[in-house]
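Have the viewer open and follow along.

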Amino acid sequence: MLGKGVVGGGGGTKAPKPSFVSYVRPEEIHTNEKEVTEKEVTLHLLPGEQLLCEASTVLKYVQEDSCQRGIYGKLVCTDFKIAFLGDDESALDNDETQFKNKVIGENDITLHCVDQIYGVFDEKKKPLFGQLKKYPEKLIIHCKDLRVFHFGLRYTKEEEVKRIVSGIIHHTQAPKLLKRLFLFSYASAAQNNTATDPKNHTVMFDTLKDWCWELERTKGNVKYKAVSVNEGYKVGERLPAFFVVPTPLPEEDVRCFQGRGIPIWCWSCHNGCALLKMSALPKEQDDGLLQVQKSFLDGIYKTIHRPPYEIVKTEDLSSNFLSLQDIQTAYSKFKQLFLIDNSTEFWDTDIKWFSLLESSSWLDIIRRCLKKAIEITECLEAQNMNVLLLEENASDLCCLLSSLVQVMMDPHCRTRVGFQSLVQKEWIMGGHCFLDRCNHLRQSDKEEHQRQLSLPLTQSKSSPKRGFFREETDHLIKNLLGRRISKLINSSDELQDNFREFYESWHSKPTDYHGLLLPHIEGPEIKVWAQRYLRWIPEAQILGGGRVATMSKLLEMMEEVEHLQEKIDERHHSQGALLAEAPPLLRSSARLSSLFPFALLQRHSSKPVLPTSGWKALGDEDDLAKREDEFVDLGDV
Amino acid sequence: MSLLRGLLGMELIGTSVRLFLDFQEKLASLDMRNLRFALKQEGHSRRDMFETLTRYAFPLAHSLPIFAFLNEEKFNVDGWTVYNPVEEYRRQGLPNHHWRITFINKCYELCDTYPALLVVPYRASDDDLRRVATFRSRNRIPVLSWIHPENKTVIVRCSQPLVGMSGKRNKDDEKYLDVIRETNRQISKLTIYDARPNVNAVANKATGGGYESDDAYHNAELFFLDIHNIHVMRESLKKVKDIVYPNVEESHWLSSLESTHWLEHIKLVLTGAIQVADKVSSGKSSVLVHCSDGWDRTAQLTSLAMLMLDSFYRSIEGFEILVQKEWISFGHKFASRIGHGDKNHADADRSPIFLQFIDCVWQMSKQFPTAFEFNERFLITILDHLYSCRFGTFLYNCESAREKQKVTERTVSLWSLINSNKDKFKNPFYTKEINRVLYPVASMRHLELWVNYYIRWNPRIKQQQPNPVEQRYVELLALRDEYIQRLEELQLASSAKLSDPSTSPSGPSQMMPHVHTHF
C-alpha cells in the first residue's frame, strides 16, 4: 500500500469530532513520492475512449474506522469517465474482486454519473460551476449513484490542478451535442457483438413479430391487433414503429392526431381485461377544431365501449395523481440524505433520521405509486374492467404504472428476461424521454431531470395543457362513457372499500409467488431500500450480516443440492466410479458485508462503528428523566 | 349492547393489564392489545362477569394464587435444570487463578437480591466483600458476569457506590476495584461504564448514591452511557402503543415513530453494550458496569455485551442460560416491572426493561440473520410468557423470594415448553461460529420497529407471510437430506455388489464422510 497514513481522530462517543478535512502529515509524502511513480496503475480505456487531462499526486480519501486514510495516485478525465489510479485495489482479496465491475472500476466515475462537484477552500465547501478564479485544495464529487469521492489536491502541481479541475467541470457540466455522447464513439470503435442466446432473449418490441408474440403470450390477440402504421415513423416520432390497438380501430385514426387520442394496448390480463394508455389531444382554442376533436374521441370511445370490450375505467394521471414536479422535488431531497461526506455528518443526521426521511416524502411517493398500481390491478383482476391510463404524452407516469401493474400481475415480468423485456416495452418503446429526464445533454441546470431505476422521476415544465386535459376527461366520462361508467364517478368511497377488501383479502391468503403479488403499503412496511441507498456508506455497513448473509447461505445450499444430485446421477450411470471432488463453497458469508455486492469491504478491521453524537432532548419527558428509578420505595427489598 | 369499558369506567389496557390463562375461561395472554368485550343486556350476569374477570386477572389483589401455581401442564423436558451456575461458570473456565466461587451469599445474607453463588476475585476475602457491600447500593457488590476466554478481561456488574453529597470514599471498595483490574495482568485502567446520563448520576448523590470519581479511583476511567431511567422507557413504550393502535399512522408514520423515542433508546442501549463488548474483546481493559441499583440497565448492558462476545449465548439453551443468569438470578425485579397479577397498573415501578432487551436482541438477529439459533417466534414466546403467568420463570423479584415460594417445585419453567418443542423455535439459517464477535450497527438507518411484535394485533397490519428466502431454504434442506439418504442407499447397494469380488472398499466409504463434513 503506498502513501497510506492514518489521519483524523479515533472512535468512541468521547472522541473529538473529526474535522471536515484531514490531511496526511506532509513529511509522509516525500518518503512515498518515488513509490507513487513506480507502482502507478495503468488506465484502462474502452474502445473509442480518449484521455483528456490528468493530474498526479492526488490524494483520495478513504473513510475507515472513523478516521480518514489517504491514497496517492493520479486523477484523470477521459471523454467517458473520471478515474483515480491508485494502488488501493491490491488490498482486496479474490473473493471480492470476482464481483468487480469490469467496465467501471471502483474508482471510476462516468461523466454522466456526476451529480454535483464541490471545492473545499479554507475548509469551506462550495459548489463549483463554470470558470474558476481560485482553485480548491480539495475536490468533492457527489455521484448520481450516491457515491461520494474526496480528492485532495494540496500536493498536486498548480498547473495540473487547474487543468484537471476545469477539465472535470467542463466535461461534466457543459451542454453536449447528442452525437458527442461517448456511446457513439464507443459503438463505432467496439466490435459489434450481437450474438444472443435465443432462450435468454430480451424482447425488443422493435418488430411487428415481437408485439404479436406478446399479444399471444397474454392472450390479448382476441381483441387487439398489432399495427405497422407508424413504420418508418411516418405518423409520429414519439410513437413506436409498431404497437397494438383494439382490433376494430381503423388505422387512419392513428394518423389523425399523430397517435394522440388513440387507446394503445399495454398488457392483457388472464380474464381478458386490458391495460391501455392514451396521450392527450393537442390543446386547441378554436371551437371548430375542438368540435373535430370531440367527434374523433366519440368515435374512439364508441369502438372500445361496446362488447366484446369490457367497461373502461379511466385513470387520469395528469390531474389525479402525483405530479412529475412532486417526484423530482422529493427525490432531490431524498438523495441528499445519502450523499454523506464524513462520519460526523452520518451520526449527526442519524438522530433525526426518521423525520428527515419523512420530510423528503420520497417513501410516501413510493407508497402512492404502489397503491395506485394496486388500485389498477383491482379493477383489472376483481372488477373485470379495462383500465385506460391518460397522460399528456403517455410517457412518464403511464410507463411507471403500467410496468408496476405488470410486475404485480404477470409472473413473467419477474424473470430477468421478462423484466428486461418489460423495460424495453413500456419505457424504451413507450417513449419515456430518458434524454430529457436524465438530462444527458445538460440542456440547462434548472431543468435537471432525474430518473430513479424502475421509477423514472421527472420534472415537467408547468403544463399548460393540464386544465384542458382534466376537462377532457370529464367530458369523456360524462358524455361518452355514459351510463356504463357513471357509477364510477363520485364514488371514491366505494372505490376505497373495494380497494381495501381486495388488498386485505389478498394479504390474508397464503402467497403464490408465481401468481398475483401485492406489496404491503402500510406506513411501517415501506422502508428505505438499504442495499441501494446505503451501499457506499461505510458506517452503515454490517460486517457479515444483512440480507446477503441469508442469500449466500441459500446459494451455498443450492450448490450443495446440485452437487448431490450430480453424484446420484453419476451413480446411476456408472456405478462405483470415482466422483469429482465437491466444488469449494462459493464464499464465506461471514466475510461479506451487508452491502455486498455493490460495495466492497471498506472497513478492513472488525472494530465496531460507534455513534459519535448522542442524545437529543427528550422534550416533555424531561421530568421523568430526572426521576430516580426506585423513587417509591427505597429499601423495600 | 354496551361496552364493558364504558359501563364500568374501567380500562383494559394492554400494557398495564395482564390477563392470564385461566382454567375456567380461556383468555389469551396479551400485550399491546386493547380488548373490549361487549356483553349482552341480559342483566345480572354482567357485574358477575366483570368481577370474575378482575379477580382472576389480578389474583394478587384478591389473595388468590397466580395461575402458574395451579398449572398442571407436563412437558418431557424440565426447564428448571437448564441453568446451573456452577456449570455455566465452569464453561467460562472458572474458577481459575484469579477468580473464585464464593458461597458467602448462600442464605442471601450479604445481598438479598443477588444469587447464592457469586464469582469474585481470588484475592478478595469474604470479609473484604462484606466491607465493600456497605459501600454499594443494596449491597450489590461488583461480581463477575463474564470472562474473555483468551485475554482474561472480565465484565463485572454491580450497583452505584454510596458516595452521597459529601463525596464519601471507601478504601475497601477502591482496593477491590483495583484487585479486579489486576486479574488479567493489564497495566491499563479499569473501565467503568455508568449506564446513566451524567446529570442523573450527579443527581443521585443527593439520595446517597453517586459514581466513582477520578480522585478516589485513580486506576479507573469512567464513562456515562446516557441511557435513561425506567420511567422514560415506560412513557416511550406508551407512545409506541398510541401510534399503532387503534390506527397505524400512515403518511406521518416516520415522524410519529421518531416522537416515541423508542428506537433512540434501543440505539443507546445497543451503543452502550457495543462499547462494553469492544473494550473487553480488544483486550484493552476489564469493564465494570453499573447504573443505580444494577438490576435494569446493568442487566441490559451485560447480557447484550455477552451476547455479542460469546456465541454460546446465541444458541437456544445458551440464551436461556443468559436470561436465567443475568436477569433472573441477578434480581431484575420482574414482579415489580411487570406487575404480575397486580391491579395497580399505574404503579411507577413498572417498566418494559426486559422487553427492551428482547427488542435489542431482535434488532441484532435482524442484522445478523445467520448468527442466532433461535427465531423470532422464540423471542415472541418469551415475551408472551413474560406476562402470561403460565410459567414460574419470571415470577418474583429475586432468587431469595423465588426460593421462599419454592417456585421451581411448584411451577413449570418456560424453558420446559420451549425445549420440548425446539424445532419450532429454530432458525434454519443458523451457522455456528465459535469466536465470532457480533457488533450490530447502532444506527437509525438499520433499527426498525418490531412490527411482528408491536403491531401483531392490529388487523390492518397483516402478519408477515413466511419469508420466501427462508421457505426456499427449508425446502432445500429437506431436499438435501433426501439426496444424502438416497446416495447412502445407492452406496450401500453398490458396496454390497463390490464386496462380492472383494475389491477395494475405500471408494464409496470415503465419499460419505466428506459430504457430511459440510453439515
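Predicted model: local features only at pLDDT ≥ 70, side-chain atom pairs only at ≥ 80, totals over all residues.

A salt bridge here is a side-chain nitrogen of Lys or Arg within 4 Å of a carboxyl oxygen of Asp or Glu.

Lys372(A) and Glu375(A) sit 3 residues apart in helix H11 (residues 362-381) of chain A, which is about one turn of the helix. Lys372(A) is buried, and Glu375(A) is buried too. Lys313(A) and Glu315(A) make another salt bridge in chain A, and again both residues are buried. Over all chains, the structure holds 53 salt bridges. Some of them share partners: Glu214(A), Arg217(A), Lys277(A), Asp410(A), Lys425(A) and Glu426(A) are joined that way into one network.

| Salt bridge | N to O distance |
|---|---|
| Lys313(A) and Glu315(A) | 3.0 Å |
| Arg480(B) and Asp481(B) | 3.4 Å |
| Arg480(B) and Glu560(A) | 3.6 Å |

Arg480(B) turns up in two of those rows. It bridges to Asp481(B) in its own chain and to Glu560(A) across in chain A. Are these chain B residues buried or exposed? Arg480(B) counts as buried because its relative accessibility is 11%, under the 20% cut-off. Asp481(B), at 43%, falls between the 20% and 50% limits, so it counts as partly exposed.

That brings us to the interface. How many salt bridges does the rule find between chain B and chain A? There are 4, along with 21 residue pairs in polar contact. On the chain B side, the elements giving two or more residues are strand E8 (220-224) and the helices H7 (230-244), H8 (253-260), H9 (262-281), H19 (468-499) and H20 (506-516). H19(B) gives the most, with 17 residues. By type, this side of chain B divides into 40 nonpolar, 26 polar and 28 charged residues. Altogether, 94 residues of chain B are in contact with 87 residues of chain A. The area buried between the two chains is about 8300 Å², and carbon and sulfur atoms give 59% of that.

Now for chain B itself. Its secondary structure comes to 20 helices and 9 strands, and buried residues make up 61% of its 519 residues. Of the contacts in chain B between residues at least 6 apart in sequence, 76% join residues at least 24 apart.

In soluble globular proteins, nonpolar side chains tend to be buried together. The largest nonpolar core in this model has 154 residues, and Leu304(B), Phe319(B), Phe354(B), Phe357(B), Ile382(B) and Tyr454(B) have the most contacts inside it. Take Phe357(B): beyond its sequence neighbours within four places, its contacts include Leu304(B), Phe319(B), Leu322(B), Val323(B) and Trp327(B). A second, separate core has 39 residues, among them Tyr89(B), Tyr114(B), Leu129(B) and Val143(B).

One last stop, back in chain A. His150(A) lies in strand E9 (residues 148-152), and it counts as buried because its relative accessible area is 5%, under the 20% limit. A polar atom of the His150(A) side chain lies 3.3 Å from the backbone oxygen of Asp341(A). Setting aside neighbours within four places in sequence, His150(A) is also in contact with residues including Leu59(A), Tyr61(A), Leu139(A) and Ile140(A).

Technical notes. Residues numbered from 1 in each chain as written. Chains lettered and ligands numbered in written order. Heavy atoms only, no water. Contact = heavy atoms within 4.5 Å. Buried area = accessible area lost by both parts, 1.4 Å probe. Polar contact = N/O pair within 3.5 Å; in protein donor to acceptor, adjacent residues only side chain to side chain. Helix = DSSP H or I, 4+ residues; strand = E, 2+ residues; numbered from the N terminus. Nonpolar A, V, L, I, M, F, W, Y, C, P; charged D, E, K, R; others polar. Core = buried A, V, L, I, M, F, W, Y, C linked by side-chain atoms within 4.5 Å. Buried < 20%, exposed > 50% of the residue type's maximum accessible area, 1.4 Å probe, protein only.
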